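Hello,

Here is the structure I promised to pass on.

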Amino acid sequence: MADNATAMRDPIFYRWHALVDDIFQKYKQTLTPYSAQQLDFNGIRVASIEVNSQNSPRNQFSTYWQQSDINLTRGMDFAPRGNVFARVQHLQHQPFEYKIQVMNNGQPRQGTVRIFLSPKFDERGIPFVFNDQRKMMIELDRFEHNFQSKSNTITRRSRQSRLVIPFERVFRDLNDTSSAAGGLNEFNFCGCGWPEHMMIPKGNAEGMPATLFVMVSNGQDDRVTQDNPRGSANSCEPAALFCGVRDQKYPDARPMGFPFDRLGRPGVDTLRDFLTPNMFTQDVTIKFTNIVAPPGAASRSGGQGSQQQNRGGQQNKGGQQQKNRPRKLGDG
């Protein structure tokens, strides 16, 4: 259960996670809800947010299946002749970017941009009430931004998220600690993060309705004074939202999950009631396409037919490539 790459395949994971979540939620319910004044960032107004994804309509996240090869040699209890790879099929999403419009009616200042995603309806197809929907929010990204006076346009790519690490760092060679200049501690830290390919839920073929939420909070209230401002150098970009920063305090003075970590203030029945001017919500869909992209395909660039053709072409190439390819489980 300790590894993100395998935890969700362990049946006990869900019961254990639910138990910890329930205890934490009971504690959070004892805290005073945030007031509108605590949530607002005076002079900052979020005008819009949109999502643009390759080969997809605006405000649609697109998911599909991806095949990838994982080297299992280190886990074998025999000495294989060369590398042994397993080909796995996993969820993937099209790369996307956010475009956020923010108005600053004051002097230039720093704010923290917080982006969340949640389903719009419950299992009965009924819109969530706020105190249920807030528990469904997943944080996709959080980053600082210097806001100039008047209009600001922020463009942020999905791969810049401080939540995730790429597939190569999730399934890496655990013997290759020499790749980290800082030794074993740095090597272990660089393997911490939410897998990038699991960033967006699967959705469905019809397009699952969801709510995208963005907030700009006051950078002065978010700032943490570090005892070791320089921290430790890393050869990787840390997933700071998920793992913090090595040899430093967690880089956000707000509680994890802010602003959804407490009950709504009196009078808040829906997410719309919760909003202050420095927040914005956008209806989005998560559309799943049942195709399988071959290994090495960074994103789906064509329809189902082109992917099937690519796989067929790989399988029917000449014997020279067949001879030189890595061995996989099941090979003779």
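Below is what turned up, starting with how to read it.

This is a predicted model, in which local features need pLDDT of at least 70 and side-chain atom pairs count only at pLDDT 80 or more, while totals for chains, interfaces and linings use all residues. Residues are numbered from 1 along each chain as its sequence is written, and side-chain values use heavy atoms, with hydrogens and water left out.

Let's begin with the disulfide. A search of the whole structure finds one (a pair of cysteine sulfur atoms within 2.5 Å). Cys-192 is joined to Cys-243, with 2.0 Å from S to S. These two cysteines link distant parts of the chain, 51 residues apart: Cys-192 sits in the loop between α6 (184–190) and β9 (194–195), and Cys-243 in helix α8 (residues 240–243). Helices (H or I, at least four residues) and strands (E, at least two) are DSSP runs, numbered from the N terminus. The torsion about the S-S bond of Cys-192 and Cys-243 is about -100°, so this disulfide is left-handed.

How accessible is Cys-192? Its relative accessibility is 26%, so Cys-192 counts as partly exposed (buried is under 20% relative accessible area, exposed over 50%, partly exposed in between; 1.4 Å probe, protein chains only). Met-1, in the segment before α1 (4–7), is also partly exposed, at 45%.

Finally, UniProt (unreviewed entry) places "domain: Tyrosinase copper-binding" at residues 10–21; such annotations may be inferred rather than shown by experiment. Over residues 10–21, the chain is 92% helix and 0% strand, with the end C-alpha atoms 17 Å apart.

Best wishes
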